[in-house]
Amino acid sequence: MSESVHTNTSLRSKGMMAVLCAQFLSAFGDNALLFATLALMKEQFYPDWSQPILQMVFVGAYILFAPFVGQFADSFPKGRVMMVANGMKLIGAASICAGVNPFIGYTLVGVGAAAYSPAKYGILGELTTGDKLVKANGMMESSTIAAILLGSVAGGVLADWHVLAALGVCALVYAGAVVANLFITRLPAARSGQSWRFNAMTGSFFSAGKTLWHSAETRFSLVGTSLFWGAGVTLRFLLVLWVPAALGITDNATPTYLNAMVAVGIVVGAGAAAKLVTLETVARCMPAGVLIGIAVVIFALQQALLPAYVLLLLLGICGGFFVVPLNALLQERGKHSVGAGNAIAVQNLGENSAMLIMLGLYSLAVMVGIPVVGVGIGFGTLFAVAIIVLWIWGRGKSKTVS
């Protein structure tokens, strides 16, 4: 990558602040829209097991477009790619407001999100370098989680007031994200001139995936982040059913408050990771991953709101401490091997495949009538075991993960 790409490596440069602002608005819209759309489905009497299907069509877009979005992000200035992607999200949210089937509208949002992700993370490696990249990832995750915190609560509270108003706010927030993207520093395309033929693009993507998988460090990161986000999205839907089952509360807002506690914790955990973990000491994050699973098991057994809040805060802290170093490791190693955009696109395929599998299993468990507490206990146990296996598997593979 040419030196001109790194025009300003400051974490408080105009370009970095614009990226964080755009990311906040985009993530706010994503989370508010999810809960507003779930409220719409509840209002229209969709069955409980169909709720995870809504997220499955979203992540299905990530999987379908995975071979192409990395090249898209690397072939154009990433700030403009982010703007186009947010425009697609705006169209999806507006279509739900207009009465289009929520599954169709949410799929359009998923297409925009699929194109957005490689650009938003890939641009960090172009705006900053070295250990500042871990801190930049911490800032990005903090911005994202603050948006999850406020967006989730706003979606639930507004939906309790008026579902259509909640959906309209989501569309306006996406419009704000489009405007914010205009202020991102216009950087040169990372890898312009690549072939846009289908065979060449898919071949390039799978070649990048093979390269990343054959590296112990990037394989470790891919598996770890896939497990984390697959578990995270499943927990979100688990909360929607757990609240009325365990607490007897049937509003739309309470599950969003609980999700907000996870978000607060992730902000704290991301900040701690930025201070305590470097690219050379990534393995320090692994105990936090095991604790995530243990916290879910204990949480599922609660029957009061206060301990549930405390446990979800702890879960979030562990989550932020776990995922931020793994993201930074993949971006740094991927930038020098297959390009940041391609690396994030491969990561998205892994993460969203994990989401699809976990959501499918969760939906099946609900459909066959397994109690939500039992689902939570089983889910947390399996996650903790998976992280332990990954930790053991990673030891000895490289200095970074041992």
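Tutor: A word on terms before we begin: helices here are DSSP runs of H or I with at least four residues, and they are numbered from the N terminus. Please also keep in mind that this is a predicted model.

Student: Is Gln 51 buried or exposed?

Tutor: Gln 51 has a relative accessible area of 10%, and because buried means under 20%, it counts as buried.

Student: And what does Gln 51 touch?

Tutor: Setting aside residues up to four places away in sequence, Gln 51 touches Leu 38, Met 41, Phe 237, Val 240 and Leu 241.

Student: Switching to the core, which residues touch the most other members of the largest nonpolar one?

Tutor: That core has 126 residues, and the ones touching the most other members are Leu 33, Leu 38, Trp 242, Leu 312, Leu 315 and Phe 322. Helix H9, residues 216-247, gives the most to this core, with 17 residues.

Student: What is Leu 312 in contact with, then?

Tutor: Leaving out its neighbours within four places in sequence, Leu 312 is in contact with Leu 235, Leu 239, Leu 258, Met 261, Val 262 and Phe 299.

Student: What span should helix H12 have, and how far apart are its ends?

Tutor: Helix H12 runs over residues 305-337, so its 33 residues, at 1.5 Å a residue, should span 48 Å, and the C-alpha atoms at its ends are 47 Å apart, which agrees. After H12 comes Gly 339, whose phi is positive, near 95 degrees.

Student: New topic: how many aromatic pairs are there?

Tutor: The count comes to 7 aromatic pairs. One of them joins Phe 24 and Phe 28, with 6.1 Å from centre to centre and 40 degrees between the planes, which makes the pair tilted.

Student: Where do Phe 24 and Phe 28 sit in the helix?

Tutor: They are 4 residues apart in helix H1, residues 14-43, so about one helical turn separates Phe 24 from Phe 28. In general, an α-helix has 3.6 residues a turn, so residues three or four places apart point the same way.

Student: What about Trp 213 and Trp 393?

Tutor: Trp 213 and Trp 393 form a tilted aromatic pair too, at 6.3 Å centre to centre with 45 degrees between the planes. Trp 213 lies in helix H8 (residues 198-214) and Trp 393 in helix H14 (residues 372-394), so the pair ties together parts that are 180 residues apart in sequence. Trp 213 is partly exposed at 40% relative accessibility, and Trp 393 is partly exposed at 36%. Elsewhere, ring pairs link Phe 228, Trp 229 and Phe 322 into a cluster.

Student: How many disulfides are there?

Tutor: The count is 0 disulfides. Cys 170 is in no disulfide either, with the sulfur of Cys 97 being the nearest at 7.4 Å.

Student: Last one: what pLDDT does the chain average?

Tutor: The protein chain averages a pLDDT of 83, and 91% of the residues score at least 70. Over residues 1-7, however, the pLDDT is below 50, and this stretch has 14 contacts in the model beyond near neighbours in sequence.

Methods. Residues numbered from 1 in each chain as written. Predicted model: local features only at pLDDT ≥ 70, side-chain atom pairs only at ≥ 80, totals over all residues. Heavy atoms only, no water. Helix = DSSP H or I, 4+ residues; strand = E, 2+ residues; numbered from the N terminus. Expected span 1.5 Å × (residues − 1). Core = buried A, V, L, I, M, F, W, Y, C linked by side-chain atoms within 4.5 Å. Buried < 20%, exposed > 50% of the residue type's maximum accessible area, 1.4 Å probe, protein only. Contact = heavy atoms within 4.5 Å. pLDDT = per-residue confidence, 0-100. Disulfide = S-S within 2.5 Å. Phe/Tyr/Trp six-rings, centres within 6.5 Å; stacked < 30°, edge-to-face > 60°.
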